[in-house]
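Hi,

Here is the structure I said I would pass on.

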Amino acid sequence: MTCIAALTLFSSIGYAAPTEVTISGQARFTSTAPLEKIVGTAPVQGQFSIDFEAPKVVSGKFTVPVKGMKTGNETRDEHLRGEEWLNAEKCESIVFEAKSGEVTKFQSAKESDKGITSIKLLVKGAITINCITKPLEANVIIKRKGNITKIGSSSIEVKLADFNVKGKEGLVGKKVGETIKINLNLKGK
Amino acid sequence: MNRLQQMAVGCFVFCALVGGLWLSKGMHMATPQQIENITEKTDEFGDVVPTSEWVANPDMLDIGLDIAGPIIGLFGALGLGLLWRGRKS
(Lines give C-alpha, C1' and ligand atoms only; values in the text may rest on other atoms or scores of the structure.)
Protein backbone atom coordinates (compact mmCIF):
# COMPACT_ATOMS: atom_id res chain seq x y z
CA MET A 1 0.00 0.00 0.00
CA THR A 2 2.79 2.38 0.98
CA CYS A 3 4.58 1.37 -2.16
CA ILE A 4 1.56 2.22 -4.36
CA ALA A 5 1.15 5.58 -2.63
CA ALA A 6 4.82 6.35 -3.12
CA LEU A 7 4.63 5.38 -6.79
CA THR A 8 1.55 7.56 -7.30
CA LEU A 9 3.28 10.51 -5.65
CA PHE A 10 6.43 9.93 -7.68
CA SER A 11 4.55 9.76 -10.94
CA SER A 12 2.60 12.92 -10.18
CA ILE A 13 5.79 14.84 -9.38
CA GLY A 14 8.17 13.56 -12.03
CA TYR A 15 5.85 12.64 -14.88
CA ALA A 16 2.98 15.09 -15.02
CA ALA A 17 0.69 14.34 -17.94
CA PRO A 18 1.45 16.33 -21.06
CA THR A 19 -1.03 19.07 -21.84
CA GLU A 20 -2.85 18.92 -25.15
CA VAL A 21 -3.07 22.35 -26.72
CA THR A 22 -5.15 23.36 -29.72
CA ILE A 23 -3.62 26.37 -31.33
CA SER A 24 -4.22 28.66 -34.29
CA GLY A 25 -2.82 31.84 -35.72
CA GLN A 26 -0.77 33.13 -38.55
CA ALA A 27 2.41 32.26 -40.36
CA ARG A 28 4.18 35.08 -42.09
CA PHE A 29 6.43 34.17 -44.96
CA THR A 30 9.00 36.32 -46.70
CA SER A 31 10.69 35.77 -50.01
CA THR A 32 13.63 37.99 -50.76
CA ALA A 33 14.90 37.98 -54.33
CA PRO A 34 17.01 40.49 -56.28
CA LEU A 35 13.97 41.77 -58.20
CA GLU A 36 11.31 41.68 -55.51
CA LYS A 37 10.56 41.08 -51.89
CA ILE A 38 7.27 39.28 -51.32
CA VAL A 39 5.58 39.09 -47.95
CA GLY A 40 2.63 36.83 -47.35
CA THR A 41 0.52 35.34 -44.62
CA ALA A 42 -1.19 32.03 -44.09
CA PRO A 43 -3.54 30.69 -41.45
CA VAL A 44 -2.14 27.95 -39.24
CA GLN A 45 -3.99 25.41 -37.15
CA GLY A 46 -2.55 22.73 -34.99
CA GLN A 47 -2.44 20.64 -31.89
CA PHE A 48 0.54 19.82 -29.80
CA SER A 49 1.32 18.07 -26.60
CA ILE A 50 3.86 19.15 -24.01
CA ASP A 51 4.47 18.76 -20.32
CA PHE A 52 4.68 22.34 -19.09
CA GLU A 53 6.24 21.30 -15.80
CA ALA A 54 9.01 19.18 -17.18
CA PRO A 55 9.18 19.77 -20.92
CA LYS A 56 11.15 16.94 -22.42
CA VAL A 57 9.11 15.64 -25.27
CA VAL A 58 6.94 17.71 -27.53
CA SER A 59 4.81 16.34 -30.27
CA GLY A 60 2.25 17.91 -32.51
CA LYS A 61 0.93 18.64 -35.92
CA PHE A 62 0.50 22.02 -37.60
CA THR A 63 -1.36 22.56 -40.84
CA VAL A 64 -1.37 25.44 -43.31
CA PRO A 65 -3.97 25.25 -46.11
CA VAL A 66 -2.27 26.36 -49.31
CA LYS A 67 -5.49 28.02 -50.50
CA GLY A 68 -5.36 30.30 -47.45
CA MET A 69 -2.00 31.80 -48.40
CA LYS A 70 -2.13 35.47 -49.34
CA THR A 71 0.47 37.79 -50.81
CA GLY A 72 -1.65 40.85 -51.61
CA ASN A 73 -2.10 40.09 -55.31
CA GLU A 74 -4.80 37.68 -56.47
CA THR A 75 -3.02 36.67 -59.67
CA ARG A 76 0.14 35.90 -57.75
CA ASP A 77 -1.87 33.94 -55.18
CA GLU A 78 -3.39 31.90 -58.02
CA HIS A 79 0.09 31.19 -59.39
CA LEU A 80 1.21 30.18 -55.89
CA ARG A 81 -1.51 27.52 -55.81
CA GLY A 82 -0.66 26.29 -59.29
CA GLU A 83 1.08 23.08 -60.31
CA GLU A 84 4.46 24.73 -60.81
CA TRP A 85 4.46 26.12 -57.30
CA LEU A 86 2.65 24.60 -54.32
CA ASN A 87 0.18 22.49 -56.29
CA ALA A 88 -2.86 23.11 -54.08
CA GLU A 89 -5.06 20.71 -56.05
CA LYS A 90 -2.90 17.72 -55.23
CA CYS A 91 -1.18 18.88 -52.04
CA GLU A 92 -3.83 20.85 -50.16
CA SER A 93 -1.82 21.68 -47.07
CA ILE A 94 1.63 22.30 -45.78
CA VAL A 95 2.05 20.11 -42.72
CA PHE A 96 4.66 20.21 -40.00
CA GLU A 97 4.82 17.28 -37.63
CA ALA A 98 6.84 17.87 -34.49
CA LYS A 99 8.38 14.68 -33.20
CA SER A 100 10.76 15.80 -30.48
CA GLY A 101 12.04 18.91 -28.80
CA GLU A 102 15.31 19.93 -27.26
CA VAL A 103 14.76 22.44 -24.47
CA THR A 104 17.32 25.25 -24.57
CA LYS A 105 15.79 27.39 -21.82
CA PHE A 106 13.02 26.75 -19.36
CA GLN A 107 11.37 28.97 -16.80
CA SER A 108 8.43 27.63 -14.86
CA ALA A 109 5.44 29.75 -13.85
CA LYS A 110 6.62 29.58 -10.24
CA GLU A 111 9.97 31.12 -11.16
CA SER A 112 8.38 33.92 -13.17
CA ASP A 113 7.08 37.15 -11.60
CA LYS A 114 4.13 37.18 -14.01
CA GLY A 115 3.25 33.52 -13.62
CA ILE A 116 4.33 32.71 -17.16
CA THR A 117 5.86 29.40 -18.11
CA SER A 118 8.40 30.01 -20.80
CA ILE A 119 10.06 27.27 -22.84
CA LYS A 120 12.60 27.86 -25.58
CA LEU A 121 13.18 24.78 -27.59
CA LEU A 122 14.52 23.39 -30.78
CA VAL A 123 11.67 21.43 -32.27
CA LYS A 124 12.62 18.59 -34.55
CA GLY A 125 10.19 17.13 -36.99
CA ALA A 126 9.23 16.83 -40.61
CA ILE A 127 7.60 19.29 -42.96
CA THR A 128 5.57 18.36 -46.00
CA ILE A 129 5.40 20.88 -48.83
CA ASN A 130 4.25 20.06 -52.35
CA CYS A 131 3.68 16.47 -51.11
CA ILE A 132 7.39 16.09 -50.34
CA THR A 133 8.43 15.46 -46.74
CA LYS A 134 11.78 16.61 -45.39
CA PRO A 135 13.19 16.94 -41.87
CA LEU A 136 13.01 20.39 -40.32
CA GLU A 137 14.28 21.98 -37.15
CA ALA A 138 12.79 25.15 -35.76
CA ASN A 139 13.63 27.35 -32.82
CA VAL A 140 10.40 28.21 -31.05
CA ILE A 141 9.34 29.80 -27.83
CA ILE A 142 6.27 28.48 -26.06
CA LYS A 143 4.68 30.56 -23.34
CA ARG A 144 1.78 29.64 -21.08
CA LYS A 145 -0.17 31.77 -18.66
CA GLY A 146 -3.21 30.26 -17.00
CA ASN A 147 -4.68 28.11 -19.72
CA ILE A 148 -3.56 30.33 -22.60
CA THR A 149 -0.62 29.17 -24.63
CA LYS A 150 1.26 30.91 -27.41
CA ILE A 151 3.99 29.92 -29.81
CA GLY A 152 6.36 32.23 -31.55
CA SER A 153 9.26 31.30 -33.72
CA SER A 154 12.45 32.77 -34.99
CA SER A 155 12.81 32.58 -38.76
CA ILE A 156 12.32 29.08 -40.08
CA GLU A 157 14.06 28.73 -43.41
CA VAL A 158 12.68 26.51 -46.13
CA LYS A 159 14.54 25.92 -49.37
CA LEU A 160 12.11 25.67 -52.30
CA ALA A 161 14.34 23.33 -54.31
CA ASP A 162 14.14 20.72 -51.51
CA PHE A 163 10.42 20.42 -52.17
CA ASN A 164 10.62 20.47 -55.94
CA VAL A 165 8.99 23.91 -56.07
CA LYS A 166 10.41 25.23 -59.31
CA GLY A 167 7.96 27.85 -60.47
CA LYS A 168 8.14 29.15 -63.98
CA GLU A 169 11.61 28.83 -65.40
CA GLY A 170 13.91 31.57 -64.21
CA LEU A 171 11.58 33.00 -61.58
CA VAL A 172 13.09 31.30 -58.52
CA GLY A 173 16.23 33.17 -57.65
CA LYS A 174 15.19 36.33 -59.52
CA LYS A 175 11.65 37.27 -58.55
CA VAL A 176 11.14 34.67 -55.84
CA GLY A 177 13.77 33.85 -53.24
CA GLU A 178 15.38 30.42 -53.27
CA THR A 179 14.77 30.26 -49.53
CA ILE A 180 11.55 31.32 -47.82
CA LYS A 181 11.63 32.60 -44.26
CA ILE A 182 8.65 31.73 -42.07
CA ASN A 183 7.69 33.23 -38.73
CA LEU A 184 4.92 31.85 -36.57
CA ASN A 185 2.57 33.64 -34.23
CA LEU A 186 0.08 31.19 -32.72
CA LYS A 187 -2.19 31.19 -29.73
CA GLY A 188 -4.53 28.67 -28.16
CA LYS A 189 -5.73 26.76 -25.13
CA MET B 1 6.61 68.61 -86.45
CA ASN B 2 3.35 67.37 -87.90
CA ARG B 3 0.30 66.21 -85.99
CA LEU B 4 1.26 62.50 -86.05
CA GLN B 5 4.70 63.28 -84.66
CA GLN B 6 3.11 65.40 -81.93
CA MET B 7 0.88 62.46 -81.01
CA ALA B 8 3.94 60.17 -80.96
CA VAL B 9 5.71 62.51 -78.54
CA GLY B 10 2.55 62.47 -76.40
CA CYS B 11 2.70 58.65 -76.33
CA PHE B 12 6.37 58.67 -75.30
CA VAL B 13 5.71 61.23 -72.56
CA PHE B 14 2.83 59.08 -71.30
CA CYS B 15 5.16 56.04 -71.29
CA ALA B 16 7.74 58.00 -69.32
CA LEU B 17 5.09 59.10 -66.82
CA VAL B 18 3.83 55.53 -66.31
CA GLY B 19 7.43 54.29 -65.99
CA GLY B 20 8.23 57.06 -63.52
CA LEU B 21 5.13 56.22 -61.50
CA TRP B 22 6.14 52.55 -61.39
CA LEU B 23 9.66 53.51 -60.28
CA SER B 24 8.40 55.89 -57.61
CA LYS B 25 5.95 53.32 -56.20
CA GLY B 26 8.63 50.80 -55.45
CA MET B 27 9.02 48.86 -58.72
CA HIS B 28 6.67 46.03 -57.78
CA MET B 29 6.51 43.11 -60.17
CA ALA B 30 2.85 42.49 -59.30
CA THR B 31 0.36 45.23 -58.45
CA PRO B 32 -0.27 45.24 -54.70
CA GLN B 33 -4.07 45.00 -54.79
CA GLN B 34 -4.10 44.48 -51.06
CA ILE B 35 -1.65 45.74 -48.49
CA GLU B 36 -0.83 44.48 -45.05
CA ASN B 37 -2.25 46.53 -42.22
CA ILE B 38 -0.05 45.68 -39.27
CA THR B 39 -1.27 46.56 -35.81
CA GLU B 40 0.76 46.00 -32.70
CA LYS B 41 -0.91 44.97 -29.47
CA THR B 42 0.41 44.00 -26.09
CA ASP B 43 -0.94 40.55 -25.28
CA GLU B 44 -1.65 38.92 -21.90
CA PHE B 45 1.98 37.82 -21.75
CA GLY B 46 3.20 41.42 -21.91
CA ASP B 47 4.69 40.93 -25.38
CA VAL B 48 4.11 43.34 -28.22
CA VAL B 49 2.58 41.19 -30.95
CA PRO B 50 2.11 42.39 -34.51
CA THR B 51 -1.13 41.29 -36.13
CA SER B 52 -1.45 41.63 -39.85
CA GLU B 53 -4.61 41.98 -41.85
CA TRP B 54 -4.93 42.36 -45.62
CA VAL B 55 -6.87 45.45 -46.67
CA ALA B 56 -7.62 46.87 -50.12
CA ASN B 57 -4.80 49.11 -51.28
CA PRO B 58 -6.18 52.65 -51.13
CA ASP B 59 -3.49 53.94 -53.48
CA MET B 60 -4.92 53.46 -56.97
CA LEU B 61 -1.65 54.64 -58.51
CA ASP B 62 0.37 51.91 -56.79
CA ILE B 63 0.90 49.85 -59.92
CA GLY B 64 3.16 46.91 -60.61
CA LEU B 65 4.99 45.89 -63.74
CA ASP B 66 2.01 43.67 -64.64
CA ILE B 67 0.05 46.87 -65.40
CA ALA B 68 2.85 49.34 -66.17
CA GLY B 69 4.64 46.96 -68.56
CA PRO B 70 1.77 46.41 -71.03
CA ILE B 71 0.81 50.11 -70.93
CA ILE B 72 4.37 51.20 -71.67
CA GLY B 73 4.69 48.53 -74.35
CA LEU B 74 1.42 49.48 -76.03
CA PHE B 75 1.91 53.24 -76.00
CA GLY B 76 5.60 52.89 -76.88
CA ALA B 77 4.70 50.82 -79.94
CA LEU B 78 1.92 53.27 -80.83
CA GLY B 79 4.35 56.15 -80.50
CA LEU B 80 6.89 54.45 -82.75
CA GLY B 81 4.16 53.70 -85.29
CA LEU B 82 2.94 57.29 -85.28
CA LEU B 83 6.49 58.58 -85.56
CA TRP B 84 7.11 56.33 -88.56
CA ARG B 85 3.94 57.39 -90.31
CA GLY B 86 4.61 61.02 -89.44
CA ARG B 87 8.04 60.84 -91.04
CA LYS B 88 6.53 59.36 -94.24
CA SER B 89 3.91 62.05 -94.52
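Starting with where the chains meet: 20 residues of chain A are in contact with 15 residues of chain B. On the chain A side, the elements that each give two or more residues are β1 (19–32), β2 (37–50), α2 (74–81), β6 (132–145) and β7 (148–153). The top contributor there is α2(A), with three residues. Sorted by class, that side of chain A has 10 charged residues, six polar and four nonpolar.

Bear in mind that this is a predicted model. The overall scores are ipTM 0.78 and pTM 0.80. For chain B, the pLDDT averages 93, and 99% of the residues score at least 70. Within chain B, confidence is highest in helix α1 (residues 3–24), at a mean of 96, and lowest in strand β2 (residues 48–56), at 90.

Now back to chain A, and two of the strands listed for the contact with chain B, β1(A) and β2(A). They run antiparallel and are joined by 14 bridges. Together they make a hairpin, with four residues between the two strands. If you want a spot to look at in this pairing, A:A27 stands opposite A:A42 in β2(A).

β2(A) has another partner to check: strand β3 of chain A (residues 58–65) pairs with β2(A), again in the antiparallel sense, over six bridges.

Cheers

Methods
Residues are numbered from 1 along each chain as its sequence is written. Chains are lettered from A and ligands numbered from 1 in the order in which they are written. This is a predicted model: local features need pLDDT of at least 70, side-chain atom pairs count only at pLDDT 80 or more; totals for chains, interfaces and linings use all residues. Two residues are in contact if their C-beta atoms, placed from the backbone, lie within 7 Å. Ala, Val, Leu, Ile, Met, Phe, Trp, Tyr, Cys and Pro count as nonpolar, Asp, Glu, Lys and Arg as charged, and the others, Gly among them, as polar. Two strands pair if DSSP finds at least two bridges between them. pLDDT is the predictor's confidence in each residue, from 0 to 100.
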